[in-house]
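Q: I am new to this structure and would like to know what stands behind the words used for it. Please take me through them step by step.

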Amino acid sequence: MRTLTLNHEYAVDLSTFLAKLADPGIWEKLGSEASADHLDPDTEMTVRTPMPKSELPAALASRLPKNTVLVEVYMIPGDVLADEAEIRMTARAAGVPVEIDAVLELRESGSETKLAAHAEISSSIPMFGAMIEQAVVPILEKRLRDRLRRFESA
């Protein structure tokens, strides 16, 4: 298993940030297909994003289905107590032997929201899992950094 931690700050308060995260229209602006399932008071957001083979290592890309889609599921809290919230996220793609489990820690500071994303990347392939995880981490880091940056302006 590999780990990845990223931090980002948003110029909106925590409630506004959570509302954006639970809005399928925001995800669609970022190039994903999204659907929300409201589980009073929380929202389960399912996000589907195409994974271009050109962004993957050749050895992995050659073994994937033609139209691989990354499916992320976010559990977004509807009730926030105080100035902190935690979001759980899982991600998988059919044909990709990797699973991602993450916790997004959110903290309101004045009129800003500070995000700390902690992800665990694991592969269930015997003997080759560590190699696959190592190849996926830089790709995930690049995509996640880009999404965090683009999410602010969406």
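A: Two strands pair if DSSP finds at least two bridges between them. Keep in mind that this is a predicted model.

Q: What makes strand 6 and strand 7 a pair?
A: The test asks for at least two bridges. Strand 6 (residues 98-109) and strand 7 have 12 bridges, in the antiparallel sense. Therefore they count as paired. As one example, Glu-99 stands opposite Ser-122 in strand 7.

Q: Which helix packs on the sheet, and which strands does this helix touch?
A: Helix 4 packs there. Its contacts are with strand 1, strand 3, strand 4 (69-76), strand 6 and strand 7. The direction of helix 4 makes about 5° with that of strand 1.

Q: In what order do the strands lie in the sheet?
A: The order is 1-7-6-5-4-3-2. Seven strands form this open sheet, and the pairing is antiparallel.

Q: Why are strand 1 and strand 2 said to stand at the edges?
A: Each has a single partner strand, so one side of each is left without a neighbour in the sheet. From one strand to the next, the twist averages 15°.

Q: How do you know that strand 2 and strand 3 pair?
A: Seven bridges join strand 2 (residues 33-39) to strand 3 (residues 42-50). The cut-off is at least two, so these strands pair. They run antiparallel. Asp-37 stands opposite Glu-44, and His-38 has Thr-43 as its bridge partner.

Q: What makes strand 3 and strand 4 a pair?
A: Eight bridges join them, and the strands run antiparallel. At least two are needed, so strand 3 and strand 4 pair. Here Thr-49 stands opposite Leu-70.

Q: Why is Thr-43 called buried?
A: Buried means under 20% relative accessible area. Thr-43 has 9% relative accessibility, so Thr-43 counts as buried. This residue is found in strand 3. Among the residues that Thr-43 touches are Ala-22, Ala-36, Tyr-74 and Ile-76.

Q: What makes the link between the side chains of Thr-43 and His-38 a polar contact?
A: The limit for a pair of N or O atoms is within 3.5 Å. The contact joining these two side chains is 3.3 Å. Therefore the distance passes.

Q: Why is Leu-115 called buried?
A: The cut-off is again under 20%. Leu-115 has 4% relative accessibility, so Leu-115 counts as buried. Leu-115 lies in strand 7. Its contacts include Leu-6, Tyr-10, Phe-17 and Leu-148. Leu-115 and Asn-7 are 108 residues apart along the chain, but their C-alpha atoms are separated by 5.5 Å.

Q: Why is Met-127 called exposed?
A: Exposed means over 50%. Met-127 has 80% relative accessibility, so Met-127 counts as exposed. Met-127 is in the loop between strand 7 (112-123) and helix 4. Phi of Met-127 is near 70°, a positive value in a residue other than glycine. Most residues other than glycine have a negative phi.

Q: Which residues of helix 1 are buried?
A: In helix 1 (residues 14-21), the buried residues are Leu-14, Phe-17, Leu-18, Lys-20 and Leu-21.

Q: How do you know that the buried residues line one face of helix 1?
A: Look down the axis of helix 1. The buried residues fall within an arc of 160°, so they line one face. At the start of helix 1, a side-chain oxygen of Asp-13 comes to within 3.2 Å of the backbone nitrogen of Ser-15.

Q: Which members of the largest nonpolar core touch the most other members?
A: Trp-27, Tyr-74 and Ile-121 do, out of 45 residues. Helix 4 (residues 129-153) gives the most to this core, with eight residues. Among the residues in contact with Ile-121 are Leu-4, Val-98, Ile-100, Val-136 and Leu-140. In soluble globular proteins, nonpolar side chains tend to be buried together.

Terms used
Residues are numbered from 1 along each chain as its sequence is written. Side-chain values use heavy atoms; hydrogens and water are left out. A nonpolar core is a set of buried Ala, Val, Leu, Ile, Met, Phe, Trp, Tyr and Cys residues joined through side-chain atoms within 4.5 Å. Buried means under 20% relative accessible area, exposed over 50%, partly exposed in between (1.4 Å probe, protein chains only). Helices (H or I, at least four residues) and strands (E, at least two) are DSSP runs, numbered from the N terminus. Contact means heavy atoms within 4.5 Å. The arc is that of the directions from the helix axis to the C-beta atoms. A polar contact is a pair of N or O atoms within 3.5 Å; within protein, one must be able to donate a hydrogen and the other to accept it, and residues adjacent in sequence count only if both atoms are side-chain atoms. Axes are lines fitted to C-alpha atoms, for helices over the stretch in contact, and angles run from 0 to 180 degrees between N-to-C directions. Lists of a residue's contacts leave out its neighbours within four places in sequence.
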